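Take a look at the model below.

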Number of protein chains: 2
Amino acid sequence: MQEVLTFADIRAAAVRIAAQVNRTPVLRCAPLEAELDTQIFCKCENFQEMGAFKIRGATNAVLSLLAAAAAHGVATHSSGNHGAALALAARRRGIPAWVVMPENSSAFKKRAVAGYGAQIIYCEPTMQGREAALARCVAETGAAVVHPFDDPVVMAGQGTAALELHEEIPDLDLVLAPVGGGGLLSGTAVATRALRPACRIIGAEPFGADDAWRSLQAGHIEPVAHPDTVCDGLRATIGPLTFAVLRMQVDDIVRVTDAEVIAAMHFAWERMKIIIEPSAAVVLAALRAARVPVKGLRVGVILSGGNVDLDHLPW
Amino acid sequence: MQEVLTFADIRAAAVRIAAQVNRTPVLRCAPLEAELDTQIFCKCENFQEMGAFKIRGATNAVLSLLAAAAAHGVATHSSGNHGAALALAARRRGIPAWVVMPENSSAFKKRAVAGYGAQIIYCEPTMQGREAALARCVAETGAAVVHPFDDPVVMAGQGTAALELHEEIPDLDLVLAPVGGGGLLSGTAVATRALRPACRIIGAEPFGADDAWRSLQAGHIEPVAHPDTVCDGLRATIGPLTFAVLRMQVDDIVRVTDAEVIAAMHFAWERMKIIIEPSAAVVLAALRAARVPVKGLRVGVILSGGNVDLDHLPW
């Protein structure tokens, strides 16, 4: 069986996107390490261009398009960060972008997408609503669809964050990443398996959108019909391609409550002095709620983004 | 004339405190650099132990005490961060600490001081009130006073932040630091003059507590009787020793409004994804309000701290 995503894809993505993404810092945090009695290395994708890892996959996708296809622009559906990322990547290549967004996306994320120059198309906040709107857009414009996660070129881009993390900290015992649609976790898993085979790979998601956990338990994709979580970046359902990678490569998925997410986010702001969004805080919540035993281990976490509306904080 | 503070003092401090302070990261910020058309290197003392550079000076002071003096403990007056820093440094050496705090200090900073194990003594929010309460405390306990800024051993400790910055970025054209009592700016100036003689050194302070600007203009210390600024760490008046260093070593002091400080703080949170407190945002405010021409220069800024009560944000 051919692999959906290989480490060579991730290496190629890293070269392709190098000039357009930040090599984000890896920070440690004494208060968190003291609390957990372990060493935590935080890959700070909140410091990434446009505030989240999503620019990695979007840039890899946009730069991989042949000129003839790129000329018609790109389109996607996204609850926010992927849309902003695709908008920015498209603007840098000088091509148009259309972004289908659920009506209930945060005003903050809507402004970001528009601010990077994309045209927003609003839809109902369901996967069906997103896909129908996107299909109409593509039929009208001829734009190339860049899926937010279920595309090997996107997954490869997202995997470059873990690639950098392992290059900087070569002896991790465990890596945690959030799982929404599974693009970041897929890329993280493939990069980790290649660079550090003994390292465990764990995904974290909110109970209110625990399709990844349910799907890995069931052995097939189990959508959550009505995701209900503060983690606005993790409401999507994993796709056939990300599911194929996750079931082969990931050791475990752990779940946390929204209250744990909010407490972890508050902890990061107050004690670590970094702005992370709820979808990023989910990994810290998993650690702080002891969903993952980490004592004495060297743990890498991908803090996936920091796009938060400062006028609407969850506490 | 003997120098108040030498670079050798700062070098010695760096060795003395190395095991107890973080070598904080230097971050860049694409949005800020694009806005200012320059290169900005942010020395992130908000990521320092207890959330501010103050632990450097306090630790240097506590570790410099002979055992006989240290046994009676240490005492200080502080609007917050120095008190927390001294409390932590004292706890690590196993000696008691007393901290005189103005009654109007933020609840957040009071909790921090108490949390690190110090005994708080409340006073009126004036320099006279602080000093009277401190004198009583010392008379009763025999504690050694560690002044928040006007002491060479404290100034030397604060200078280690700039020492690290220049070690990491050896070709800066300009360094900015906040000025409250002047300890950080003194240490920054002496370290900078030694390591990078051609580099300009500029202090930033709020109009509502512009004693440093007034004093350098007048040629003698000019207190501001009733400081009025959101920058709760910058309300103190510079002292004889810091004034002596500043007038010799600093190229300029620039002033900003509280509105500019709050806007800069919001910018740092929203775009840089880091938590900084108003007293740290003052340097970004000076840059963003064009109080300092920086186009094309390599600029270092000391982001002095990130202790903010998340339940009481200034916007």
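## The sheet in chain B

In this predicted model, chain B holds an open sheet of six strands, in the order β1-β2-β10-β7-β8-β9. The pairing is mixed. Which strands stand at the edges? They are β1 (26-27) and β9 (252-256) of chain B. Each has a single partner strand, so one side of each is left without a neighbour in the sheet.

Now look at the β9 end. Strand β8 (residues 200-206) of chain B pairs with β9(B) in the parallel sense, over five bridges. One residue pair shows the link: B:Ile202 has B:Asp252, in β9(B), as its bridge partner.

## How the chains relate

What superposes chain A on chain B? A rotation of 180° does, with 0.0 Å of shift along its axis. The RMSD is 0.0 Å. The two copies are therefore related as by a two-fold rotation axis. The same surface serves both copies: 100% of the contact residues of chain A recur in chain B. Of the residues of chain A, A:Ile274 comes closest to the rotation axis, with its C-alpha at 2.2 Å.

## Confidence

Chain A averages a pLDDT of 95. In that chain, 100% of the residues score at least 70. The model scores ipTM 0.92 and pTM 0.93.

Terms used
Residues are numbered from 1 along each chain as its sequence is written. Chains are lettered from A and ligands numbered from 1 in the order in which they are written. This is a predicted model: local features need pLDDT of at least 70, side-chain atom pairs count only at pLDDT 80 or more; totals for chains, interfaces and linings use all residues. pLDDT is the predictor's confidence in each residue, from 0 to 100. Two strands pair if DSSP finds at least two bridges between them. Helices (H or I, at least four residues) and strands (E, at least two) are DSSP runs, numbered from the N terminus. Copies are superposed by least squares on the C-alpha atoms of residues with pLDDT of at least 70 in both. Two residues are in contact if their C-beta atoms, placed from the backbone, lie within 7 Å.
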